[in-house]
Structures are given as structure tokens and as C-alpha cells.
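Please walk through this protein model with the sequence and the coordinates side by side. The account goes from the overall fold to individual residues.

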Amino acid sequence: MKCCDTLHAKFSKDEGDFMARVLLATTSWQSFHTLRELFPNVPPVGLQILAGILKRKGYEVRVADVAHLPVLAPEFLSMIDDFRPDVI
């Protein structure tokens, strides 16, 4: 079973009137992460592709690129409070 199908089976009702809110987030940057040092401005392309697939399935999706923030930064926590995702 594909990941989108698993998510769909868990969060959709028989009538299909409820779809999960999904927040996809990068991990916080760590000083030892060589790729982030070499490519500091590369967006989270993998998460953007996954977001596109989920949106086509009808999910409400947001991508949070928080790699430049400390773990549990207020900006990220505020995004969670505002969006109120079912899945992170």
C-alpha cells in the first residue's frame, strides 16, 4: 500500500467529506550537517513533491522549511497552532 493510500484510508470517511490537514516539515539544522553547509539555499524539494501528491488526493497540506530554526522554535510552534494539522 502506498503512503498516500494509507493516509487516505486512515483519515477519509465513507462519504469522503473529511481529509486530513498535513504539515510536512524539515528537521532542524545541525552544525554537523555537511549538505546544509554546502547547499544552504536548497528548498525541501522532496517534501514539496510529496505535498503535491497529497494535494491531488484532496488533502490540505503545508510545507514548513524549519531547517534554519532551532528545535521547537516559536515560529514553528505558531505555524502548528495556526494550521492545526492532523498529521505532522
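The paragraphs below take up the fold, the cores, the surface and some backbone angles.

The model is predicted: local features need pLDDT of at least 70 and side-chain atom pairs count only at pLDDT 80 or more, while totals for chains, interfaces and linings use all residues. Residues are numbered from 1 along each chain as its sequence is written, and side-chain values use heavy atoms, with hydrogens and water left out.

The protein contains 4 helices and 2 strands. These are DSSP runs numbered from the N terminus, with helices being H or I of at least four residues and strands E of at least two. In sequence order the pattern is α-β-α-α-β-α. Of the contacts with a separation of 6 or more, 70% join residues 24 or more positions apart, a contact being heavy atoms within 4.5 Å.

Helix H3 covers residues 45-56. Its 12 residues should span 16 Å at 1.5 Å a residue, and the end C-alpha atoms are 17 Å apart, which agrees. The expected span is 1.5 Å times one less than the number of residues.

How much of the protein is buried? Of its 88 residues, 26% count as buried. Buried means under 20% relative accessible area, exposed means over 50%, and partly exposed is in between, with a 1.4 Å probe and protein chains only. In soluble globular proteins, nonpolar side chains tend to be buried together. A nonpolar core is here a set of buried Ala, Val, Leu, Ile, Met, Phe, Trp, Tyr and Cys residues joined through side-chain atoms within 4.5 Å. The largest such core has 8 residues: Met-19, Ala-20, Val-22, Leu-24, Ala-51, Leu-54, Tyr-59 and Val-61. Strand E1 (21-25) and H3 are the elements that give two or more residues to this core. Another core, of 7 residues, lies apart from it and includes Leu-23, Leu-69, Phe-76 and Phe-83.

Leu-38, Phe-39, Val-42, Val-45, Ile-49 and Ile-53 form a nonpolar surface patch with about 540 Å² of accessible area together. Patches are made of residues with over 30% relative accessible area and no salt bridge, like charges being joined within 9 Å and nonpolar side chains (Val, Leu, Ile, Met, Phe, Trp, Tyr) within 5 Å. H3 gives the largest share of the patch, 3 residues. Leu-38 belongs to helix H2 (residues 34-38) and counts as exposed at 55% relative accessibility.

There is 1 salt bridge, defined as a side-chain nitrogen of Lys or Arg within 4 Å of a carboxyl oxygen of Asp or Glu. Arg-21 pairs with Glu-60, and their closest N and O atoms are 3.5 Å apart. Arg-21 is in strand E1 and Glu-60 in strand E2 (residues 60-64), so the bridge ties together parts that are 39 residues apart in sequence. Arg-21 is partly exposed at 31% relative accessible area, and Glu-60 is partly exposed at 36%.

Some backbone angles remain. Most residues other than glycine have a negative phi. Leu-72 is not a glycine, yet its phi is positive at about 55 degrees; Leu-72 sits in the loop between E2 and helix H4 (74-83). Arg-84, in the segment after H4, also has a positive phi, near 55 degrees.

Methods
Accessible areas come from the Shrake-Rupley method with a 1.4 Å probe; for residues, only the protein chains shown count as cover.
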